[in-house]
Amino acid sequence: MEVAEKKEVNAFKKDLIAKRNQQGSLIPLLQSAQDSYGYIPEKAIHYISEIVNIPPSDIYGVITFYAQFRLQPLGDNVIRICEGTACHVNGAKSILSVLQEELNISVDETTDDGKFTLQSVACLGCCSLAPVIMINEETHGNLTAKSLRKIIKQYKRNNKGEAKQ
Ligand code: FES
């Protein structure tokens with residue numbers, strides 16, 4: 001475990017102690033666990049269950065109810081495809097098909113090798129570049145099937161982070 005990761009997990013453990021016997025602490029503890037681990041692992045659910053006195057099965061129910069919570073870690077690269085109106089009109093559907101074909105996953109899934117997670121969003125705020133995707137913090141606009149395949153290829157080659165030319 002890396003030092004930064006250890007610090008984060010310690011923050012979660014401090015929250016567990018601080019929230020013991022406190023009413024309404026389930027959601028804040030789930031948020032703390034996700035901030036610490038990047039998702040909510042099974043062991044965190046069991047820790048939380050003991051603190052809030054709610055069975056793990058009920059906690060799973062809460063996690064799956066809220067879209068903000070994840071039971072799996074995100075991939076090294078998070079791809080957000082915009083399916084807002086401008087992007088939809090400019091071919092977001094075919095962009096999504098290319099992504100699904102290239103990565104062999106659907107929206108809200110992560111590739112088996114943990115390199116990519118695919119998410120869908122309503123608008124990325126740069127509609128004039130439609131169709132648009134974001135990979136991590138980088139925006140890619142005016143996409144065509146060809147340019148998108150090229151970008152994905154670069155990310156696959158570079159493993160993680162920015163696609164280098
Ligand atoms: S609709 Fe896609 S960026 Fe706004």
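Predicted model: local features only at pLDDT ≥ 70, side-chain atom pairs only at ≥ 80, totals over all residues.

Colleague: What stands opposite arginine 80 in E3, and what in E4?

Modeller: In E3 the residue opposite arginine 80 is glutamine 119. In E4 arginine 80 faces methionine 134.

Colleague: Let me step back. How many helices and strands does the protein have?

Modeller: Seven helices and five strands. Along the sequence the order is α-α-α-α-β-α-α-β-β-β-β-α.

Colleague: And which domains is the protein divided into?

Modeller: Domain 1 covers 3-65 and domain 2 covers 77-158. Their C-alpha centres are 32 Å apart. The C-alpha trace of the whole protein spans about 55 × 35 × 25 Å along its principal axes.

Colleague: How much of the protein is buried?

Modeller: Buried residues account for 24% of the 165 residues. As for contacts between residues at least 6 apart in sequence, 56% of them join residues at least 24 apart.

Colleague: Now H2. Which residues in H2 are buried?

Modeller: Leu26, Leu29, Leu30, Ser32, Ala33 and Ser36. These residues lie on the same side of H2, because they cover an arc of only 160° around the axis.

Colleague: Why would spaced-out residues point the same way?

Modeller: An α-helix has 3.6 residues a turn, so positions three or four places apart point the same way.

Colleague: What should H2 span, and how far apart are its end C-alpha atoms?

Modeller: H2 has 12 residues, 26-37, so at 1.5 Å a residue it should span 16 Å, and its end C-alpha atoms agree at 16 Å apart. After H2 comes glycine 38, with a positive phi near 90°.

Colleague: Speaking of positive phi, what is phi for aspartate 108?

Modeller: Near 70°, which is positive in a residue other than glycine. Aspartate 108 sits in the loop between helix H6 (92-103) and strand E2 (109-110).

Colleague: Is aspartate 108 buried or exposed?

Modeller: Exposed, because aspartate 108 has 12 other C-beta atoms within 10 Å and the cut-off for exposed is 12 or fewer. Asparagine 136 also has a positive phi, about 55°, without being a glycine. Asparagine 136 belongs to the loop between E4 and strand E5 (138-140), and with 14 C-beta neighbours inside 10 Å it counts as partly exposed.

Colleague: Where is the cis peptide bond?

Modeller: The bond from alanine 130 to proline 131 is cis, with omega near 0°. Proline 131 is in the loop between strand E3 (116-121) and strand E4 (133-135).

Colleague: Last one: what does glutamine 100 touch, leaving out residues up to four places away in sequence?

Modeller: Ile105 and Ser106. Glutamine 100 is in helix H6 and is partly exposed, with 15 C-beta neighbours inside 10 Å. Leucine 118 is 18 residues from glutamine 100 in sequence, and their C-alpha atoms are 8.5 Å apart in space.

Technical notes:
Residues numbered from 1 in each chain as written. Domains from an automatic or database assignment. Helix = DSSP H or I, 4+ residues; strand = E, 2+ residues; numbered from the N terminus. Buried ≥ 20, exposed ≤ 12 C-beta atoms within 10 Å, placed from the backbone. Contact = placed C-beta atoms within 7 Å. Expected span 1.5 Å × (residues − 1). Arc of directions from axis to C-beta. Pairing = 2+ DSSP bridges.
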